[in-house]
Every structure is written in structure tokens, then in C-alpha cells.
Amino acid sequence: MRLSTPVEKTAPLLEITDLTVGYTGADGNRVVLVDSVSLRVDPGEVLCLVGESGSGKSVTMLAVLGLLAPPLTVFSGSVRYRGRELVGADDESLRRLRGSELGMIFQDPMTSLNPVRRVGVQIERALAVHQRMDARSRRRKVIELLAAVGIPQPQERSRAYPHEWSGGMRQRAMIAMAMANDPDVLIADEPTTALDVTIQAQLMEVLAAARERSGAAMVLITHDLGLVAQHADRVAIMYAGRVVETGTVRQIFDDAAHPYTRGLQRGLLGQHATEPGARAYAIPGSPPPPTARPAGCGFAPRCEFSGKEHACAAAPPALVPFGANRSLACPPAVAASLTGQDVPA
């Protein structure tokens, strides 16, 4: 069922505003995992959500889909799809959206697929829930979908169980399932994790082809800046539950303004070092756990620029506009020293 709410061409397809997600501990205090996150996804674009493990990327998107597992909950904020509020929506409304208008490719297909049901039956179920098709039409559609994502002998393979497929094939099945109903927004959570580089490239080509056929927008959750460079239109960098920088892929790669983004880039470049014995760069330290995040900028303990002159440790910098079509959460003096551009104070 398609939502009937009209939307202007200039309006975002999906808009997240000041979203805060977490849980209430045994002591009654709130533990925040996602802190005041604001994002937008425009029709047809690819938004890459980038950050280290634990930065809040996946939790943000699970909140969008209404798939937070207790005790996680949305404390505050808004998620609007085509102008319709999803936070607080009833379960039936969210079920109609999931798999039809909002598709999801989960990180681990082995745990996402039912191990005791044939792969084709599981994809067919995604069609049965959202479309009025007879059984023969659904089975034919399943074969078409599997062929489209590059599964050899799709009719025979559709009768196999998940454990009889390789990891790359299972992920292709998840792509077929997510795209079965031509969603407007596809959320891909680390879709190539634990796969070798050849299979990664093939899967990303499959995703790109599927999106091209349907015109779907995509949110790609990843920590791999190589994938970002190849596939993103816009990028949002997350750290310790907050968005710290956004921009077009060219802005982020050519002129990153946040020290954390610069650190991620140095790590990517270090992977391609050619000198004998050269080691990849790693940002010193590690992200703080949600229960022990600093009062100020979450990156301050690892940042070479933090100090009294910037007040980074006292309060987290607000995410503010920084030039055209981008935003930044960093003291103006730091951004200016990295980019040569002034940031509104």
C-alpha cells in the first residue's frame, strides 16, 4: 500500500530530525546511543552513513523502521517519510511500510534468513505480504528476482536452504528480498561485511543495478570509505552517537573539515601504502562507550586539536551549516585551520 500523502519535488523522501535513542538503566538514568541526529534522504540519492562500530549508525536506521529491540526506545525526535510521522506510528502501519516502501538489507544474512525455510519461500513471503499476486505469479517473480541478482540456476537454487548457499549468495538473496516490492528507500547495513573484495564489488554492482531499475534512494551504512567514494552522493559522518559532518562525497573527500573525518581518510590512504613494512594509520584511542561519553565533543579525547582554547571538552559543538550543502560540528577555529574556510561561530 503506497502512502497517499503528497510531496513536493524539493522535499526530502525521508527526514530525521533531532532523533535521540537509548534505554533507561537499572539506576533510572538514561543511556543515550543516538544523540540528536538529523539527516535527510532525497529521492534517488545515495546517502552513506559512516563511522566506527558503535557510532550509532545501525541504531538510527532501526529506529527509522520501528525495529528497535527492548529496552531500546526513541526518547525524542521525529522521523518523517513522505511527510508522514513514523515515530509513534502503530505497528500495522509500520509493517505495511517495511518491505514495501522502506526496504532493509541486514548485515548478517545467515541470521536474517530463516534456516529451516527454503530461500525461495522466504522471498515469496515478502511478495505475499505486500502484493496481491497468485502463488504461480509469486514463484515466477522469485525466479526473476534471483536471476536479476546473479544467482545461477535460480529455479533450482530457490528450493535450497540458507546453509546450502555461500555467504555472497545469501547476501544476494537478501538484496532480492529487499527489492522485491520496489521500495522507495533501501537501507543497506554493511551489506558486504565479511566478504572478499571480489564478491563485495559484485554485490555493489547488483545493488546499483537494482536501484537503477527501481529509482530507489539508498542509505548505505558502512565504515569502508572506499565504498563511499565509489557509490555515495552525500555522506554523513557519525561519532559517539552524533553526526559530526555532512556533505557531498566530493566535499568530504576533497576538503574534510572535521578531525575525525580526516583521521578516517588517513586510515584509508594508509591501506594503500607501498613502502616495505608500512603500517596503516589508525586514529589513536578508541570510541567511548555510551555509558561513559565525555560531556563535550565525543571525539575530544582522541583529537589533536582539542584543548582549552577551543572548549571542545566542555560542550559538544552544534551541527551548523558550513558552506553550500554541508554541515559541521566542530569549533570554527579547528575547521578553519583544516580547510581555510570560516565556519559560523
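Entry 1, a pair of side chains. I count a polar contact when an N and O, N and N or O and O pair lies within 3.5 Å; within protein, one atom must be able to donate a hydrogen and the other to accept it, and residues adjacent in sequence count only if both atoms are side-chain atoms. By that rule, the side chains of Thr 261 and Glu 245 are joined by a polar contact of 2.8 Å.

A reminder to myself: this is a predicted model, where local features need pLDDT of at least 70 and side-chain atom pairs count only at pLDDT 80 or more, while totals for chains, interfaces and linings use all residues. Numbering runs from 1 along each chain as its sequence is written, and side-chain values use heavy atoms, with hydrogens and water left out.

I found Thr 261 in helix H11, residues 259-270; helices (H or I, at least four residues) and strands (E, at least two) are DSSP runs, numbered from the N terminus. Is Thr 261 buried or exposed? It is buried, with a relative accessible area of 2% (buried is under 20%, exposed over 50%, partly exposed in between, with a 1.4 Å probe and protein chains only). Leaving out residues up to four places away in sequence, Thr 261 touches Ile 237, Glu 245, Ile 252 and Ala 256, where contact means heavy atoms within 4.5 Å.

I placed Leu 33 in strand E2, residues 30-41. Leu 33 counts as buried because its relative accessibility is 16%. Among the residues it touches, not counting those up to four places away in sequence, are Val 21, Tyr 23, Leu 72 and Arg 293. I also checked Lys 57: it is 24 residues from Leu 33 in sequence, and their C-alpha atoms are 9.7 Å apart.

I tested its length: the 13 residues of H7 should span 18 Å at 1.5 Å a residue, and the end C-alpha atoms are 19 Å apart, which agrees (the expected span is 1.5 Å times one less than the number of residues). Eleven of those 13 residues are buried, so H7 is largely enclosed by the rest of the structure. Met 169, Arg 170 and Ile 175 are among the buried ones.

On a 1 Å grid over the protein atoms alone, a cavity is a set of points where a 1.4 Å probe fits but cannot get out, and a pocket is an open set with protein on both sides within 12 Å along at least five of seven lines; lining residues have an atom within 4 Å of a point. Points are joined across faces, edges and corners, and a volume is the space filled by probe spheres set on them.

The largest pocket has a volume of about 640 Å³. It has 20 lining residues, and the closest to its centre are Arg 98, Gly 99, Phe 106, Ala 126 and Met 177. Which element gives the most to this lining? H4 does, with five residues.

I noted two cavities of 30 Å³ or more. The largest cavity has a volume of about 70 Å³, and strand E10 (residues 242-248) gives the most to its lining, with three residues. The second largest cavity has a volume of about 50 Å³, and its lining includes His 258, Cys 303 and Pro 331.
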